[in-house]
Amino acid sequence: MTANHIQGSIVALITPFYPDGTVNYDKLGQLIDFHLENETDAILILGTTGESSTMSHEEDDQVCRYTVDRVAGRVPVIAGSGSNSTQTMLEKSLRFQNLGADGLLLITPYYNKTNEEGMVRHFTTVADAVNIPCILYNVPGRTGCSISEAAIRRLAAHPRIMGIKEASGNMSYAVKIARYLSGDFRMYCGNDDITVPLLSLGASGVISVLANVVPRETHNMVWDYLRGDHQKALEAQLRYLDLINDLFLEVNPIPVKEALNLMGMEVGGYRLPLTPMAEQNRARLRAAMEGVGLL
């Protein structure tokens, strides 16, 4: 499977830290191996779940280099190179390409925002300069802006923009942009609670937080749908719905890191402004994990 034609479950991988807050590369390698053993179809690093917003450019580069080397071509590696500065996003994208990333995840310009023309140019500045596939990232709940349908129509025609991670949670928006999907422009669900509904609109897979804790099951849910067993996929969606919701009891990735630690994975804590999970929320998360047999 190439980065141009990814289908299935793409894990939005966490970044493990030592107690002093530095990146734990030994644990990162174990997590990568865990996903390769459990049929994760591609690995996304340095996204929201990877806490890239609190990491230095040097750390980003090292995580990218380490992941590419560890994966060794077995599945595509997508690197989150987004920034609200188009120039910074361009520079990061070129570095990650040179470090061997198979594709890039490009976020909308948060905080400063822009108009439609600026949004298009924000993405095409990178897409024009690189020679690896780019995935747009629409997550207005975090960024305060969204990619308009008109902008999607224009961007979908770019030869190196191969898809969108749609994380608005707005089904009406997803239906509208589904008309631009093709073999060259794909949609990936960015909200684990509506993976099956977006697959029904033609999505090719999910970029998943859930896959951090149940990688094989997330892979199976997507592929069951893609292969035509819609009922089995729906059953999995509903089986894990409470866990999915509780993985977002607090801001991502606090709950998913807590879940991995409860599973004995020892992935460490967070960098400020993220802090440990409130005790009542931890108890609720534990109960959801027990409910699906994870604990």
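In the predicted model, leucine 243 touches (heavy atoms within 4.5 Å) Leu210, Val213, Leu285, Ala288, Met289, Val292 and Leu294, residues up to four places away in sequence not being counted. Within the largest nonpolar core, which has 85 residues, Leu243 and Ile147 touch the most other members. A nonpolar core is here a set of buried Ala, Val, Leu, Ile, Met, Phe, Trp, Tyr and Cys residues joined through side-chain atoms within 4.5 Å; buried denotes under 20% relative accessible area, with a 1.4 Å probe and protein chains only. Apart from this core lies another, of 16 residues, including Ile10, Ala12, Ile78 and Tyr188.

Helix H12 (residues 254-262) packs against helix H13 (residues 279-291) at an angle of about 60°, their axes being 10 Å apart. Pro255, Glu258, Ala259 and Leu262 of H12 meet Arg282, Leu285, Arg286 and Met289 of H13.

Glutamate 51 is situated in the loop between strand S2 (42-45) and helix H2 (57-71), helices being DSSP runs (H or I) of at least four residues and strands (E) of at least two. This glutamate is buried, with a relative accessible area of 3%. Its side chain forms a polar contact (N or O atoms within 3.5 Å, one able to donate a hydrogen and the other to accept it) with the side chain of lysine 257, at 2.6 Å.

Residues are numbered from 1 along each chain as its sequence is written. Local features of this predicted model need pLDDT of at least 70, side-chain atom pairs count only at pLDDT 80 or more, and totals for chains, interfaces and linings use all residues, while side-chain values use heavy atoms, without hydrogens and water.

Terms used. Buried < 20%, exposed > 50% of the residue type's maximum accessible area, 1.4 Å probe, protein only. Axes fitted to C-alpha atoms, helices over the stretch in contact; angles between N-to-C directions.
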